[in-house]
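Thanks for asking me to look this over. Below are a few numbered points to read alongside the coordinates.

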Amino acid sequence: MTESESAAPAAGAMLPVEQYVARLARKRMAAGIVFRDGAGRVLLVEPSYKPNWEMPGGAVEADESPWAAASRELAEELGWDRPVGRLLVVDYVRPRESRPEAVVFVFDGGVLDETGLVDLAFPDGEILSAGFYTLAEARGKVKPMLADRIAAALEAVEQGVTVLCEQGQRIA
């Protein structure tokens with residue numbers, strides 16, 4: 001009998017909870033917020049640490065809900081304390097390069113006007129600038145998958161639904 005066979009539970013035997021949980025898949029999670037202006041443009045932020053722009057948001061930390069992560073990231077990146085709106089998009093992202101698979105949640109930030117950006121401060125230096133852009137302009141600033149996710153979020157707002165995506169492409 002090999003070592004792995006001896007470590008496996010006998011047929012019908014219960015696996016201890018700790019061993020069962022240790023074998024479960026782990027997924028990255030991220031959360032973002034789509035803000036729009038009266039013309040339907042979306043708010044994008046320019047990170048200081050990479051060339052492509054993003055929507056406000058970021059990684060969900062251990063023991064943190066996606067909606068709490070979205071609120072935390074909004075405070076860290078833009079100094080805003082705003083409620084997170086309804087869920088617009090759940091996007092499954094397959095593993096790629098050195099990144100494991102992920103689930104991305106996009107929430108509705110509502111409609112803002114330009115005056116909300118006038119005195120915008122970037123408290124932690126992570127963000128260099130922010131502005132409203134049409135979807136066509138956004139496609140030139142963000143990665144293609146994010147552009148597709150933003151388009152899906154705008155459709156979800158218009159239709160009053162939550163959409164499911166895979167790799168940014170709407171599937172339901």
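Which residues in helix 6 are buried?

1. To start with that question, and bearing in mind that this is a predicted model: Met145, Leu146, Ala147, Asp148, Arg149, Ile150, Ala151, Ala152, Ala153, Leu154 and Ala156 are buried in helix 6.

2. The geometry of helix 6 holds up well to a simple check. Helix 6 covers residues 144-159, and at 1.5 Å a residue its 16 residues should span 22 Å; the end C-alpha atoms lie 23 Å apart, which agrees. Just after helix 6 comes Gly160, with a positive phi of about 70°.

3. Now to the packing. The largest nonpolar core has 24 residues, and the members touching the most others are Val34, Val42, Leu44, Val89, Val106 and Ile150. At least two residues of this core come from each of strand 2 (42-47), strand 4, strand 5, helix 6 and strand 7 (163-166). Helix 6 gives the largest share, eight residues. As background, nonpolar side chains in soluble globular proteins tend to be buried together.

4. Ile150 deserves a click in your viewer. Setting aside neighbours within four places in sequence, Ile150 is in contact with Val42, Leu44, Met55 and Leu135.

5. On to the charged pairs: the structure holds twelve salt bridges. One of them joins Glu101 to Lys27, with the closest N and O atoms 2.8 Å apart. Glu101 sits in the loop between strand 4 (87-93) and strand 5 (102-111), while Lys27 sits in the loop between helix 2 (17-23) and strand 1 (28-36), so this pair ties together parts that are 74 residues apart in sequence. Glu101 counts as buried at 18% relative accessibility, whereas Lys27 is partly exposed at 42%.

6. A second pair to look at is Glu61 with Arg72, where the closest N and O atoms are 3.6 Å apart. Since Glu61 lies in the loop between strand 3 (57-59) and helix 3 (66-78), and Arg72 in helix 3, the pair ties together parts that are eleven residues apart in sequence. Glu61 is partly exposed, at 46% relative accessibility, and Arg72 is buried, at 17%. Through shared partners, salt bridges join Glu61, Glu64, Arg72, Glu73 and Glu76 into one network.

7. Finally, back to helix 6. Its buried Asp148 forms a salt bridge with Arg139, the closest N and O atoms being 3.0 Å apart. Arg139 itself is partly exposed, at 40% relative accessibility.

How values were computed: Residues are numbered from 1 along each chain as its sequence is written. This is a predicted model: local features need pLDDT of at least 70, side-chain atom pairs count only at pLDDT 80 or more; totals for chains, interfaces and linings use all residues. Side-chain values use heavy atoms; hydrogens and water are left out. A salt bridge is a side-chain nitrogen of Lys or Arg within 4 Å of a carboxyl oxygen of Asp or Glu. Helices (H or I, at least four residues) and strands (E, at least two) are DSSP runs, numbered from the N terminus. Buried means under 20% relative accessible area, exposed over 50%, partly exposed in between (1.4 Å probe, protein chains only). The expected span of a helix is 1.5 Å times one less than its number of residues. A nonpolar core is a set of buried Ala, Val, Leu, Ile, Met, Phe, Trp, Tyr and Cys residues joined through side-chain atoms within 4.5 Å. Contact means heavy atoms within 4.5 Å.
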